[in-house]
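Have a look at it first, then come back for the tour.

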Amino acid sequence: MTTMPSKLSALLFYFLFIASVYSCSKDTSILTNSETETAQEQENETEEETTEENSPESTACTDPLDYIFNEKEGLVFVEFENAEFSEDWKLKQDGYLHTGTGYMIWEGSQNLSNPGTGTATFKIKIANTGVYQFIWYSAVRTGNSGTDHNDTWLRFADADDFYGQNNNGSSTVYPKGTGKTPNPEGASSDGWFKIYRSGNDLDFKWQSSTFDNNAHNIFVQFANPGIYLMEISARSSGHGIDKFVLFNDSMTKDAAISSIAPSVISCD
Ligand SMILES: [Ca+2]
């Protein structure tokens, strides 16, 4: 065993001590920076997760083509403008009573005999099965006659039944093209009913009738829970539609049309 001169030994010890202190100090500094970054990253991740969790519906539910209107307690209440419309349907917000973001009006050519032009589709999710009455809130916005510019085509092709019935229930009619009879007087084709409002009070009101000069109310039967398609297509120019309801016999017509909360919209 060799012995180091005491002066050299002391110098070496001093050097090692300094190196050690410097090293520790540096490690501490790195650790602190590293911890800060990690904490910042975690904070960012938390913010991102919170944002994603808070807004899945608002980010996913911006396209009207994806909208599903959810029936609740026997009622469906939809703002008519909440669908994808072809270009000749116009959204209006002028001085007529309406709710939501406005009402839609057909400004294209008339399609008095042929449904299928200027279509829009609404997906209705039914939980409570049964028969629902259909009524929309519409207005004559062209001319001064209550019998012109007062109708639009309507079809429920995948429902279990779709028919018109007079007030006392003594007459039931089915759209032409379904194979079911009898059919209404007036225009009907390929499963579509012409749905009109009548009277010379031209402003918005709740009425949906079919069968010329013999008003029949409109009913739809949904036999199973699920999503059904409601289609509209343009007939009269100048017919404005603001909203519609479907309601079953658990509520009155007055209760349905005085609803103020639209059906919850979910998405595909
Ligand atoms: Ca509306």
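Where is the place of Asn213? Asn213 sits in the loop between strand E13 (209-210) and strand E14 (216-222); strands here are DSSP runs of E with at least two residues, helices are runs of H or I with at least four, and both are numbered from the N terminus. Bear in mind that this is a predicted model, where local features need pLDDT of at least 70, side-chain atom pairs count only at pLDDT 80 or more, and totals for chains, interfaces and linings use all residues. Residue numbers start from 1 along each chain, following the sequence as written.

**The big picture**
- The protein has 3 helices and 17 strands.
- Of its 268 residues, 31% are buried, meaning that 20 or more other C-beta atoms (placed from the backbone) lie within 10 Å of a residue's own; 12 or fewer makes it exposed, and anything in between is partly exposed.
- Take the contacts between residues at least 6 apart in sequence: 76% of them join residues at least 24 apart. A contact here means two C-beta atoms, placed from the backbone, within 7 Å.

**How confident is the model?**
- The average pLDDT (the predictor's confidence in each residue, from 0 to 100) is 85 for the protein, and 78% of the residues score at least 70.
- Residues 1-5 have a pLDDT below 50, and this stretch makes 1 contact in the model beyond near neighbours in sequence.
- Over residues 10-58 the pLDDT also stays under 50, with 1 contact beyond four places in sequence.

- Most residues other than glycine have a negative phi, and most peptide bonds are trans.
- Asn213 is exposed, because it has 8 other C-beta atoms within 10 Å.
- His149 also has a positive phi, near 55°, and lies in the loop between strand E6 (130-140) and strand E7 (151-155). His149 counts as buried because 22 other C-beta atoms lie within 10 Å.
- The peptide bond from Thr181 to Pro182 is cis, with omega near 0°. You'll find Pro182 in the loop between strand E9 (172-173) and strand E10 (188-189).

- Pro225 lies in the loop between E14 and strand E15 (226-233), and is exposed because it has 11 C-beta neighbours inside 10 Å.
- Leaving out residues up to four places away in sequence, Pro225 touches Ile126, Ala127 and Thr129.
- Pro225 and Thr129 are 96 residues apart along the chain, yet their C-alpha atoms are separated by 6.0 Å.
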